[in-house]
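I opened this entry to look up one annotated residue and the surroundings of the ligands, and I note what I found in the order in which I looked.

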Amino acid sequence: MSSIKIAVIGASGYTGADLVRLAVRHPDIEIAALTANTHAGKPVAEVFPHLAGLDLPDLVRNEDVDWSGIDAAFCGLPHGTSQEVIATLPEHIRIIDMSADFRLRDTQTYAQWYGHEHLAPELQKTAVYGLTELYREAIADARLVACPGCYPTAVLLLLAPLVKAGVLVADDLVIDAKSGVSGAGRSLKQNILFCEAGEGLSPYAIGTHRHAPEIEQELSLAAGRPLVTTFTPHLAPMSRGELITAYARIADGASVEAVRAVLEEAYAAEPFVHLMASGTTPATQHVRGSNHCRLAVFEGRVPGRVILISTLDNLVKGSSGQAIQNFNVMFGLAEIAGLEQLALFP
Ligand SMILES: NC(=O)C1=CN([C@@H]2O[C@H](COP(=O)(O)OP(=O)(O)OC[C@H]3O[C@@H](n4cnc5c(N)ncnc54)[C@H](OP(=O)(O)O)[C@@H]3O)[C@@H](O)[C@H]2O)C=CC1
Ligand SMILES: CC(=O)N[C@@H](CCC(=O)OP(=O)(O)O)C(=O)O
């Protein structure tokens, strides 16, 4: 098969760079264009020395790309900007967006949580929510795929099958989430300075994080009725990685064994989502740099409650890795193409 020509929009950001890192080793991809804003005009290796020594195009502005020869675009722009840029791309280009812009199916909910009217509501209607394990068939036919946020990816892989199967009391889900600092992107912000993010653990956006409506949108679809959750993210002093601990009551008639059985069945044939053996504790180090998500189920001391864990790398399964996984599905390639690396441990 001849190579599929891609552009990475926002290649000077963390997700864009990780996309490039994966794409250069993908057997069916040719990187035809890399775009940036303030870094346009520079060789990519000047911005990211870890990408030096590869035959890559320089960073250019979006308007300087010849889009006619490009088949697919991965978009790693800030939310708000992404919808503006994607709306200008020629119709023949298939798009995998890593921003939040097309994830919320209802543009009113988008406006409420993102503080402005959606600029491309018609395009939004055509977008497919890009959680590969849940929406593989729709993704295969989509022009525009909206990759889930890093927290929603970890939460939904863990909880969506359980809520759908009815083994948890879905109105009482408590989700405690931790993320590495790269989740906040590469631009300068006070809260991610070494002195402020290092050697400490900070909860943030308590009760107000914009990933809550995204999680609730998908859990509500799984449950078949509207759900809200208790979701609290924390910034952890590590560069990558995300770990979710969810506390839930088991539904009447179900059991810890039934919870395990649902996840076992849901992911038995999945290449990237793994239920750990009983008693084995997954950690961010066990997924770092890989497209894998590891899940675990524990019985707590309170009867009728279960403690659930999910961990992934926010930049890989939480963003650029799942973007490549979706690209593979869209172009009829092996789903694991370009994603075969294991975690970098320790
Ligand atoms: N970091 C993560 O773990 C995850 C991030 N995401 C989402 O992916 C997207 C990218 O995130 P991340 O890589 O962390 O962000 P970064 O801040 O690291 O990178 C943002 C990129 O967007 C470019 N950019 C910014 N403004 C413009 C503009 N007006 N026109 C063109 N390009 C522009 C920047 O270019 P330049 O540097 O040249 O100015 C840079 O390449 C965001 O929407 C984010 O929320 C999703 C899941 C996980
Ligand atoms: C640690 C950190 O700051 N994380 C980011 C989430 C990263 C992500 O997935 O953002 P998008 O929804 O924009 O894609 C945050 O909490 O806003």
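I began with the contacts of Cys-150 in this predicted model, and, leaving aside residues up to four places away in sequence, I found that Cys-150 touches Ser-179, Gly-183, Glu-242, Asn-314, Gly-318 and Ser-319. I then placed Cys-150 in helix 7, which covers residues 150-165, and I counted 29 C-beta neighbours inside 10 Å, so Cys-150 goes down as buried, the threshold being 20 or more. I also looked up the UniProt record, an unreviewed entry, where the annotation "active site" covers Cys-150.

Next I turned to ligand 2, whose surrounding residues include Cys-150, Ser-179 and Gly-183, together with His-79, Ser-99, Ala-100, Gly-149, Ala-184, Pro-233 and Leu-235.

For ligand 1 I listed 30 surrounding residues, of which the closest are Gly-13, Ala-36, Ser-99, Gly-185 and Arg-186. The elements that give two or more residues to this shell are helix 1 (14-23) and helix 11 (316-330), and helix 1 gives the most, with 3 residues. In the shell around ligand 1 I noted 8 nonpolar residues, 21 polar ones and 1 charged one. Here too domain 1 (4-126) and domain 2 (151-314) both contribute residues, so I place ligand 1 between them.

Notes. Residues are numbered from 1 along each chain as its sequence is written. Chains are lettered from A and ligands numbered from 1 in the order in which they are written. This is a predicted model: local features need pLDDT of at least 70, side-chain atom pairs count only at pLDDT 80 or more; totals for chains, interfaces and linings use all residues. A residue is near a molecule or strand if its C-beta atom, placed from the backbone, lies within 6 Å of it. Helices (H or I, at least four residues) and strands (E, at least two) are DSSP runs, numbered from the N terminus. Ala, Val, Leu, Ile, Met, Phe, Trp, Tyr, Cys and Pro count as nonpolar, Asp, Glu, Lys and Arg as charged, and the others, Gly among them, as polar. Domain bounds come from an automatic or database domain assignment. UniProt positions are given in the numbering used here, feature names are shortened, and annotations may be inferred rather than shown by experiment. A residue is buried if 20 or more other C-beta atoms lie within 10 Å of its own, exposed if 12 or fewer, and partly exposed in between; C-beta atoms are placed from the backbone. Two residues are in contact if their C-beta atoms, placed from the backbone, lie within 7 Å.
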